[in-house]
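Trainee: Could you take me through one part of this model up close? I'd like to look at the salt bridges.

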Amino acid sequence: MRRRRERLLRTLRINRPAAERPLPRVTINTGAYLPAWVLRLLIGLVGLGCLAMFVVHPAIVVLGLAGLVAVLVRPASIVPALYALGLAFLLLATTPDPFAAAGFLLLLGIHLLIILCSVTAELPLVARVELTVLARPARRFVIIQLSCQGLALAAAWLAGADQTLPWIGVVAVAGLVVLVWTLALRLRMADAD
Amino acid sequence: MADQAERSEPHSRWQLGVVASSAAILGVVLVLSGIMFQRTNVVVLGIPMLLNLVWNLAHRPTGSGRLTLSAAEMMREPGLVEAKLELATVPGVENLQLRVGAPGHQLGVALVAAAHDRDIGVSITTARTGQRSMFHTEWGESAADGMLLNHPRFIPAIMITVHPATRALKTLPLPFRLPGLTGAHDSRRAGEGGDLHDVHVFTPGARLRRIDWRVTARRAGQGSSGRPGEIGELYVRRTFATADATIMLVLDSRDDVGPDVGTWDDANTVREDQATSLDIAREAAASLARHYLDNGDRVGLEDVGRLRRPAPPSGGRAQLHRLVHHLAVSQPIGEPTRRKRAPRLPSGALIIVFSTFLDDDMANFAQSWRRSGHRVLAVDVLPRLTIRGLDVRQRTAWRIVRMERVDRLRDLSSSGVELIHWEGEQPNGQPAPSVEVAMAALARARRGRR
């Protein structure tokens with residue numbers, strides 16, 4: 001009985017001998033910080049919010065939750081991109097309306113999910129993330145997000161106007177090529193430096 | 001904690017992280033899928049990924065910063081060991097991921113801003129003292145929301161000397177005999193001191209300012225001249241001389257055992273938050289040295305784990321620093337050379353021995369010094385022990401060791417060596433009086449002998 005009691009107390013981490021206490025941690029004196037688990041929790045909430053817009057079948061919910069768990073466990077992998085791709089295909093399959101709120105919210109959610117995964121990718125849950133680290137990504141996120149939401153609105157208007165603009169696709173592909181070419185040039189110049 | 005070291009490693013190899021690469025592919029796939037299925041809301045889902053990639057790659061850092069690790073100049077509080085990481089960054093680098101380790105500690109991990117040059121403090125709290133290698137650091141720069149990563153680099157640990165803390169003590173015992181003519185203590189001889197010794201007839205060599213005119217006047221006419229009222233002999237007030245004490249601290253650095261008996265084999269290490277016997281010995285020796293030196297006495301240090309004498313007796317603040325440094329760097333070095341005779345120590349000195357008394361050597365030395373007339377104080381520095389987790393054979397071994405130790409300490413006490421348990425626990429496990437109380441009792445007990 002006594003042994004059982006001792007075992008129970010040890011399991012509950014009560015009355016644990018000094019030698020079995022967890023080792024202390026090296027302190028890194030940062031500025032104001034958030035623990036990495038808060039950001040991981042935020043990733044979970046964002047992922048859950050995105051998934052909540054497509055509750056059309058229990059199997060999709062189960063698959064989505066499994067994917068979200070995988071994202072939370074391995075944010076530094078290809079899993080977040082796959083999860084985002086899955087959400088995009090759900091949008092493709094379930095929401096034909098270009099003005100549907102789900103499209104705009106998913107634009108926000110996927111972008112935020114990828115940025116958060118990127119920032120906290122290699123960090124363990126107990127790591128400290130300095131708040132100033134989040135300032136630059138936040139600023140960039142707002143700028144890109146505002147322009148993309150505007151673009152989404154314009155695209156939705158074009159799609160809703162039911163106008164056939166065959167040159168849009170050509171312009172888009174040409175834009176992509178120019179973008180990639182410019183980028184490659186800049187990267188080559190940077191490498192030469 | 002004066003040791004310092006600087007190590008850094010400039011290098012640059014920037015590459016896209018897994019998340020960034022997969023996000024870029026995701027962006028392309030979404031755009032193409034949207035075009036293929038003629039769905040604008042899918043096309044725009046991929047745009048932020050591509051824009052993000054373009055923005056970030058366009059501002060890609062071209063070089064790499066430098067990180068330098070150095071120990072802090074001094075300890076701000078006992079047990080707190082600090083070091084400084086100095087970052088010299090380059091444009092484009094945004095963040096720095098740090099993984100800092102120390103023996104007996106879990107890795108500290110942090111993501112800090114690295115846009116500007118800065119100092120980042122790292123620290124651990126430890127109960128251990130002495131020379132310790134710590135703060136090995138793995139660091140990696142990142143830019144563009146963590147999408148661009150420079151390959152991680154490594155800074156080896158630096159050697160930091162953690163000096164022992166000192167405990168404030170009020171009264172401490174003194175040697176049986178106080179040599180010298182000056183010092184903070186009263187001697188039994190007449191001389192230049194403060195307390196009245198006697199009134200004596202003026203003799204050649206006596207100081208004129210010590211003439212006691214009242215006594216001289218009172219005794220006028222009683223001297224050899226015989227005539228009343230006529231001053232015949234002068235009387236002087238003599239005082240007790242002052243003297244200083246010589247204290248020899250004898251450290252037994254041959255073994256260093258932790259409170260967990262299970263770690264006494266070489267296979268297990270002592271936890272960083274548990275002081276070992278040598279840590280306790282360092283603290284005890286430093287505390288006593290500080291008190292005696294503050295009182296103007298001369299203190300020296302002998303380490304029986306080494307053949308040379310680290311510090312001969314001397315006084316003053318510099319001597320305290322010297323002793324504390326010697327204490328901090330003393331540690332078991334392989335198999336120590338066995339001494340056949342007890343080291344020779346200054347005559348009349350109070351000898352304070354710091355040992356675990358797990359073998360006979362130190363007890364024999366202490367008894368030898370006591371037999372030669374020294375006052376010997378044995379400070380037992382074995383920590384409060386725990387035998388939890390020992391198997392049957394280990395428990396049996398420990399019982400034998402404990403019984404031998406109890407006998408050894410009993411022999412010491414009976415031979416006139418005074419015994420103090422620094423951790424407040426007697427060999428039989430009973431609580432001992434606190435060090436302050438025990439020291440004050442010893443000081444009172446021998447005060448009459450000076």
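Mentor: Start with B:E94, which counts as buried because its relative accessibility is 6%, under the 20% cut-off. This is a predicted model, by the way. The side chain of B:E94 meets that of A:R136 in a salt bridge, at 4.0 Å from N to O. That pair crosses between chains: A:R136 belongs to helix α6 (residues 131-160) of chain A, while B:E94 sits in the loop between β3 (80-88) and β4 (95-101) of chain B. A:R136, for its part, is partly exposed, at 34% relative accessible area.

In helix α4 (residues 277-294) of chain B you'll find both B:D279 and B:R282, 3 residues apart, or about one turn of the helix. Their side chains meet in a salt bridge at 3.0 Å, N to O, and both residues are buried.

Next up, B:R408 and B:D360 form a salt bridge at 2.6 Å, N to O. B:R408 lies in helix α7 (residues 392-414) of chain B and B:D360 in helix α6 of chain B, so this pair ties together parts 48 residues apart in sequence. B:R408 is buried, with 9% relative accessible area, whereas B:D360 is partly exposed at 42%. There's also a network: salt bridges with shared partners join B:D252, B:R254, B:D359 and B:D361.

As for where that helix α6 of chain B (residues 360-371) goes, it lies across β14, β17 and β18 (375-380) of chain B, running at about 170 degrees to β17(B).

Definitions and conventions
Residues are numbered from 1 along each chain as its sequence is written. Chains are lettered from A and ligands numbered from 1 in the order in which they are written. This is a predicted model: local features need pLDDT of at least 70, side-chain atom pairs count only at pLDDT 80 or more; totals for chains, interfaces and linings use all residues. Side-chain values use heavy atoms; hydrogens and water are left out. Contact means heavy atoms within 4.5 Å. Axes are lines fitted to C-alpha atoms, for helices over the stretch in contact, and angles run from 0 to 180 degrees between N-to-C directions. Helices (H or I, at least four residues) and strands (E, at least two) are DSSP runs, numbered from the N terminus. Buried means under 20% relative accessible area, exposed over 50%, partly exposed in between (1.4 Å probe, protein chains only).
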